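Here is a friendly briefing to read side by side with the sequence and the 3D view. Take it one topic at a time, and find each residue as you go.

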Amino acid sequence: MSSGTTSGRRPIGVRIAGTGSALPDRRLTNADLEKLMTTSDEWIVQRTGIRERRIIDRSQGGSTSQLAADALKAALADARLQATDLDLIIVATMTAEMSCPASASLVANMVGAGNCGAFDLTAACSGFVYGLNVAHDLIKGGSYRTIGLIGADALSTLMDYSDAGRSTAIIFGDAAGAVILKATDDTSKGLLAQAMHSDGKGWKEIYVPRCAQDFPPGVEADAGKFDHVQMNGASVFKFAVGTFPELIEQTLESAKVAATDIDMYVCHQSNHRILTAARERFGVAEDKLYINIDRYGNTVAASVPLCFDELRKSGRVRDGQKVMFVAFGGGLTWGSSLWQL
Ligand code: UT7
């Protein structure tokens, strides 16, 4: 374990030393949803591209932290490291079991990480991409050498699986994905550009009310909506279709690289139509923007690292490539992280 001051250290790079992911066994297909609410497989596939998602079973011990710990263990094994090698654990999530302790503390205990630092980062669907930027710069600054970053969410715990919740319940699924970031002497590795943005005026486009005071002005407080995601789908869609390309353009410009120089775009899986619109705008080949939303739905902070783990494991992403991570979500928040692997 090494953390502390940095004075006099030589420049360092940051590499992604391992990845892992975790998914609940339980599948929730569009056909299952048809039995719970007024919807159809055809509508869901056409509007979102989603065919099924995974959801935890809380009666069997399923939780955000458990998924996060499983993903982290897989990433540590991939990096051939022990949990005690970690200096810091960051969990990006909006579904921590409790407001205290942080999921990261539970995860540190589950994996046996000893006394390393542990905190949660909340930026909804942008959480993991924000985390990549934060963790990278903590290592680059020299204070930390090995960080476990996890994106984990179990939105099924915030869904209303009835007609009243049909516009959100069809979208979200549960998962976790993790990366191990490590200091390296190879200074060519690490971030080429990054961006983190928010627009707090847009908070009411996606929120989870806990009490009557949480509803936006003009919206009647309804106890039936407590602890259920409230989303203005059409306006988030519009925001995303505009923001995604703008963010990609801005990040490419600041790194001084062309859209075609990027080997893979790893984007938040929000809606097939949003992803396709962004890809077409940049003339990016179909196989350079990964899509797995059909199998897992929108897994919030887990969606980007879950894609990345699948891409690495299948050999489609390798050391030496340039990879752009992009996400947007509640807050409103949006962010990018362009890496030289
Ligand atoms: O991770 C970031 C957060 N979220 C997002 O990125 C979500 C972005 N938004 C979206 O993906 C889309 O807005 C949705 C998939 C949520 C909705 O698609 P839409 O094309 O924007 O539909 P809509 O909300 O405008 O609703 C169209 C119609 C409505 O009926 P009327 O008023 O036209 O008669 C809805 O009541 O579809 C109806 N509808 C449904 N029908 C069948 C809404 N949900 C459903 C459903 N099944 N599950």
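A polar side-chain atom of T39 lies 2.6 Å from a nitrogen atom of the ligand, which makes this pair a polar contact (a pair of N or O atoms within 3.5 Å; within protein, one must be able to donate a hydrogen and the other to accept it, and residues adjacent in sequence count only if both atoms are side-chain atoms). This is a predicted model, where local features need pLDDT of at least 70 and side-chain atom pairs count only at pLDDT 80 or more, while totals for chains, interfaces and linings use all residues. Residues are numbered from 1 along each chain as its sequence is written, and side-chain values use heavy atoms, with hydrogens and water left out.

**Around the ligand**

- The side chain of W43 has an N or O atom 3.4 Å from a nitrogen atom of the ligand.
- For R273, an N or O atom of the side chain is 3.4 Å from an oxygen atom of the ligand.
- The protein buries 71% of the 950 Å² that the ligand exposes when taken alone (accessible areas come from the Shrake-Rupley method with a 1.4 Å probe; for residues, only the protein chains shown count as cover).
- Two or more residues of the shell come from each of α2 (41-48), α6 (166-169) and α7 (233-255) (helices are DSSP runs of H or I with at least four residues, strands are runs of E with at least two, and both are numbered from the N terminus).
- Helix α7 gives the largest share of that shell, four residues.
- In total, 22 residues surround the ligand, and the closest are T39, R47, H268, N271 and N298 (a residue is near a molecule if one of its heavy atoms lies within 4 Å of it).
- Domain 1 (13-184) and domain 2 (190-340) each give at least three residues to the shell (the bounds come from an automatic or database domain assignment).

**Two residues and their neighbours**

- Q250 sits in helix α7, and it is partly exposed because its relative accessibility is 38% (buried means under 20% relative accessible area, exposed over 50%, partly exposed in between, with a 1.4 Å probe and protein chains only).
- Not counting residues up to four places away in sequence, Q250 touches A195 and H197 (contact means heavy atoms within 4.5 Å).
- The side chains of Q250 and H197 are joined by a polar contact of 3.1 Å.
- From C-alpha to C-alpha, Q250 and L275 are 17 Å apart in space, and they are 25 residues apart in sequence.
- S63 belongs to the loop between β3 (52-54) and α3 (64-78), and it is buried because its relative accessible area is 15%.
- Apart from neighbours within four places in sequence, S63 is in contact with I56 and E97.

**Backbone features to look for**

- Most residues other than glycine have a negative phi, and most peptide bonds are trans.
- The peptide bond from C100 to P101 is cis, with omega near 5°, and P101 lies in the loop between β4 (88-92) and α4 (103-111).
- Another cis peptide bond runs from G331 to L332, with omega near -10°.
- D227 is not a glycine, yet its phi is positive, near 65°; D227 is in the loop between β9 (206-207) and β10 (230-231).
- V300, also not a glycine, has a positive phi of about 55°, and V300 counts as buried because its relative accessibility is 0%.
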